[in-house]
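Please read them alongside the coordinates.

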Amino acid sequence: MIKKLRIQNCLSFKDLTIRFSRLNVLVGENASGKSNLCHILQFLSLSPMVGDLSEAFLRAAGANAMFNHIDIDPEKNNSHFNVECVIPHNGEKLLYTYDLEIKRGGNRLIGTELSVVREKLTLRKKTKKEEVILFENLDGLATILREKSSTKRRPDYITEKIYNNRTMLSEVIDSEEYISANLFKRFLSTIFHFDPMLEHLKDMTFYPSVFFIECRGKNLFYSINQIKNDKYQEYNNANSSGTAIASKTKSNRKDTNELWEGFIERIRLLDENICDIELNEEALRQNITIPVFTNGKGNRYGIDSLSSGTLRAMGILVASIRAEKIRMTIGVTPTVSIEEPENGIHVGLLRMLYDGFEKSTGQYILTTHSPYLIDLFEDNLDGVKCFKKVNNETKLIKLDKKRIKNILEEMPLGEMHFRGILGK
Amino acid sequence: MIIGYSGEGSNDAFVIEALQEMWCPEARVEVAQWRGATGSRRKHEIRKACIELFEKNASLIIFFTDSNNRDYKIVKRNESEWIPDNYRAMTIYAVADRNIECWIVADKEKAKKEMGINKKQLEGDPVKFVNKHFGSYRDSDKKRKIKEFVKSSDMRPENSTTRKVRKAVKYSLTGVAWNEEEKVHRRADSANTERSA
């Protein structure tokens, strides 16, 4: 779980520190920086996976995003990210701190050239006081701790030269020697930003290189099929190894059945006709996902009979189930950010979505404009993050919990947001 | 200084802003949000607007509404009761006899000159003349036009002494009264306007 994130000089953030709870909601006016925060999280997630930093930024925030980078502080070319995470592993709480400083170089055909200036990953076990540097990378020259051959008295660091257009973290391989660094890498890779788009949710092409329902909802029905059939191997396939950590936490068929039943049960709250979903196997062999729905009378129908709201809700439910699946498969609790989950969903069903997030073990960061969704955070004020744009810069407004609790007697939290008195 | 305001229509807000710019140029008008149609749920929204404007550090809260076909005194008595007791001291509940458009054309000489309407036409409902002259709500320039019209009408205090303000306001407001009974009404309302200023 991400505990704290500090962003300096990137997108609309000049210097912002944000502490997260397990369930978070980002609120603020349009263009206040909510989505930018999610894009930065996704960039941090993609940077060790994609390898090339510029490519990772492009995929996370889009080609034009780097121009905002210039807006925020034209004098500075460097962006700085500091992430603090808690990852429970083998009954122990591991506190990681990842520090990454990147530099903006010349323009590419699309986007901007990015390179690593400084990168450092440290680990502190909650039971122990000392902090261990897992690796440090200064402008392409990296020192890495080999854990297996390290002793208490003499840590075994090796030095390596790496290309500075990629992070040291992307070079960490899945082996017993780098097990702690790799665990953090795995955690980062589980962060994903979900901004569902109807045309992608309906897209029937299967994209093997796209993880789960990343990229705004592509591969939705493939993911649903995997929840159903317990063939959740994408992560391991994509990483081609997955031995050191994943082998210790194999998913359980019984748990998977429960997830599927829970999924169908919640989908039926949206559309009571849906009793089963399956993919046309012949089409799947040709990388096409054609979902077939079955109603209570055994009649089968296609995706066009589904309302767009149901489809979006399906995507969001898969996102929450995905978190649970990842925990079961690789033993790391993921962080999922979802863009305006309320869109297209009846207000009365928002509670159902919220309960889904609450029951799931993942960490959630939602962006919203819906007062009804904000209302659901009345008992979790720590999770409400109120953004405001001041002189083109995103500021986090500290909530006065005592004052808010007093006003809650008069009006709900969402209405406070509507009236602009939430983050006064 | 922040003046909190909650009103019923855009014309009302423009007049309040014009008065603020004339009489309290150093102040800022903070407009309360209104959930739903402005004519409905007044009881709930007045209460919530008070909380909102207080939380936004307003020193004074002005509610402004049109009485339309109702007796403005009854409207004022009934609706001002909805103001929570703890906000009453900082709140002015102003009701325009008929509607705000009557106030906009308070300076009938100016109305006659600029809008081309005579006293007889003013005796009817001035809404259609006001909207025709200043444009519909879709006209982005309407706000500026109304504010300029109000500022340059006889409602403007030429020298900012309380006495002269009162005199100017009384003069302009009684100037559009249609009969003796309404004269009394407008004088009563003008006192509210002075206090809000």
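1. Strand E12 of chain A (residues 291-294) pairs with strand E13 (residues 300-301) of chain A in the antiparallel sense, over 2 bridges. Strands, labelled E, are DSSP runs of at least two residues, and helices are H or I runs of at least four, each numbered from the N terminus; two strands pair if DSSP finds at least two bridges between them. Thr294(A) has Arg300(A) in E13(A) as its bridge partner. The two strands form a hairpin with 5 residues between them, and Gly298(A) in that turn has a positive phi of about 85°.

2. The model is predicted: local features need pLDDT of at least 70 and side-chain atom pairs count only at pLDDT 80 or more, while totals for chains, interfaces and linings use all residues. Side-chain values use heavy atoms, with hydrogens and water left out; residues are numbered from 1 along each chain as its sequence is written, and chains are lettered from A and ligands numbered from 1 in the order in which they are written.

3. E12(A) also pairs with strand E11 (residues 276-279) of chain A, antiparallel over 4 bridges. Here Glu278(A) stands opposite Val292(A). Which residues of E12(A) point which way? Pro291(A) and Phe293(A) point to one side, Val292(A) and Thr294(A) to the other, and all are buried (under 20% relative accessible area, with exposed over 50% and partly exposed in between; 1.4 Å probe, protein chains only). In a regular strand the side chains alternate between the two faces of the sheet.

4. Strand E6 (residues 112-125) and strand E7 (residues 131-138) of chain A run antiparallel and are joined by 7 bridges. Leu121(A) has Phe135(A) as its bridge partner in E7(A), and the hairpin of E6(A) and E7(A) has 5 residues between the strands. E7(A) pairs in turn with strand E8 (residues 141-145) of chain A, antiparallel over 4 bridges. In this second hairpin 2 residues lie between the strands, and Asp139(A) in the turn has a positive phi of about 55°.

5. Met314(A) touches, among others, Phe263(A), Ile277(A) and Phe293(A), not counting residues up to four places away in sequence (contact means heavy atoms within 4.5 Å).
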